[in-house]
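Reader: I am new to this one. Please show me how to read its features, step by step.

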Amino acid sequence: MKKNIVVQAIAVTLSALICASLAGCGSAGANQKIAQPRIGISQSTSRFQFSRVKLYSSMKEMADDSSHIVAGIVTSQKVEEDVAAPGTHVTLSKFRIMDSLKGDKKAGEEITINQDGRDDPMIIKKNEVVLLFLHEMYTGDARDLPWKGQYSVAGVWAGIYSLSKVNEFTTLSTIESTSSNREKNEEEVNFSRFMISDSDQLPETVSLSEVREMK
Amino acid sequence: MKGKFSSITRGFILRFVCVITTICALVVCLTFASHARAYEISGHKWSSSTIIVGAYGDVSGTYRTALQQAIDNYNQQTHVHLSIHNGGPIVAQVVYESHKDWAGLCERDGSQPPYRITWARTKMNTRWMTSGTSVAKKRLVWLHELGHALGLNHTNNASTVMYFNADYSSFNGVQYLTRDDINGINAQY
Ligand SMILES: [Zn+2]
């Protein structure tokens, strides 16, 4: 009788373990810690104000102006003194690409995003899932060498879109890990405007497939 | 009796019409006045209207001329008094910043109570504001960044210095502080 109870307990524990591991396999990406989406921050809340060189009248214009368009997650970040202006700071964010919509980068690759300033609503945060419209900072000009491998955001803040819903991260993880059904999956992942300002005429929300069609 | 009554009624109606017309005129005036105002105050300001600007980095040649002209424009048109001396709490820098989509940048403190600005840092990016860019365009960018340093935010009016993009303002004929920019500064100092 006592032996029976022990066997039953082992069986229950084992099946619970198997179930837990199976559930884990089914949504490996979804288990990764991600930050709550940040949508609709007012540009005037930033300590940093910019005189922009270009304002975008459409998403297509911003897409055409960007060398790279990528969706992914901020894996780590650090604050450094700006190489160009000692005494001022830049935030360098390591960004893992989960879907590449324009440019020579592939899903799984990591790039560095260079944003002016630190500790500001305008700056992307660790574990945030965002869609980024980027410029490659190294243009071949010798003066650009300090920024080789770094990317800046198109329109300073305009080119940042935040994941609309946390559960869409699972679909984004599927896009990263497999190329099957890419078109269908990209339709289901939506991003919303991160920072609101009247400077640009951009849509509030876009799906990855809509952005892919624009490039 | 009938005549007296009708004259009283007429007088009352006339006075009533006058009052209504005055109210309507006031409402129209106020509506236009509020539409005309474009400036946006951040709510952060310096405790004194006399502030020193320290010029560092490559603020020389036309960059320096443009900065001095911008400062003169503030001194002549607004209630603030700016001057250039090293060590001033407003720092002006000219730097090359590779591919960043800004011609000018301003960082300022004062976002916490009591919302007093004690330092600000302005930068001009020589990637876009090259040595060949006109003094007028550089002056416009300095005017814009100094406006942020003094506590102004962006406007939605492309005919003001404080619009998001200096090229658009310049295209609309803006060369110096406009009446709206001046009102924005003077509303705080
Ligand atoms: Zn600005």
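**Across the two chains**

Author: Start with a pairing of strands. Strand β2 (residues 48-52) of chain A and strand β5 (residues 102-108) of chain B run antiparallel, joined by five bridges. Strands count as paired when DSSP finds at least two bridges between them. Helices (H or I, at least four residues) and strands (E, at least two) are DSSP runs, numbered from the N terminus. A:Ser51 stands opposite B:Gly104 in β5(B).

Reader: How should I take the model and its numbering?

Author: The model is predicted: local features need pLDDT of at least 70, side-chain atom pairs count only at pLDDT 80 or more, and totals for chains, interfaces and linings use all residues. Residues are numbered from 1 along each chain as its sequence is written, while chains are lettered from A and ligands numbered from 1 in the order in which they are written.

Reader: How many residues of chain A are in contact with chain B?

Author: Contact means that two C-beta atoms, placed from the backbone, lie within 7 Å. By that rule, 27 residues of chain A are in contact with 31 residues of chain B. Strand β2 of chain A gives the most to chain A's side, with five residues. By class, that side has ten nonpolar, ten polar and seven charged residues. Nonpolar covers Ala, Val, Leu, Ile, Met, Phe, Trp, Tyr, Cys and Pro; charged covers Asp, Glu, Lys and Arg; the others, Gly among them, are polar.

Reader: What is the order of the strands in the open sheet?

Author: Strands of a sheet pair through backbone hydrogen bonds, either parallel or antiparallel. Here the open sheet has six strands, in the order β2(A)-β5(B)-β6(B)-β4(B)-β2(B)-β3(B), with mixed pairing. β2 of chain A and β3 (81-84) of chain B stand at the edges, each with a single partner strand, so one side of each has no neighbour in the sheet. The twist averages 20° from one strand to the next. Angles run from 0 to 180 degrees between N-to-C directions, and axes are lines fitted to C-alpha atoms, for helices over the stretch in contact.

Reader: Which strand pairs with β4 of chain B in the parallel sense?

Author: Strand β6 (residues 120-125) of chain B pairs that way with β4 (residues 90-95), over six bridges. B:Val95 stands opposite B:Asn125 in β6(B).

Reader: How do I read two packed helices?

Author: They are described by the angle between their axes and the distance between the axes. Take helix α2 (residues 61-77) and helix α3 (residues 135-149) of chain B: their axes come within 8 Å and cross at roughly 55°. That makes α2(B) oblique to α3(B). Under 35 degrees counts as roughly parallel, over 145 as roughly antiparallel, 65 to 115 as roughly perpendicular, and the rest as oblique.

Reader: Which residues of α2(B) and α3(B) make the contact?

Author: Among them are B:Tyr63, B:Leu67 and B:Tyr74 of α2(B), with B:Trp142 and B:Leu146 of α3(B). By class, the contact has nine nonpolar, four polar and two charged residues.

Reader: Is helix α3 of chain A largely enclosed or open?

Author: Buried means 20 or more other C-beta atoms within 10 Å of a residue's own; exposed means 12 or fewer; partly exposed is in between. Seven of the ten residues of α3(A) (residues 168-177) are buried, so the rest of the structure largely encloses this helix. A:Phe169 and A:Leu172 are among the buried ones. A:Thr170 is also in this helix, but counts as partly exposed, with 17 C-beta neighbours inside 10 Å.
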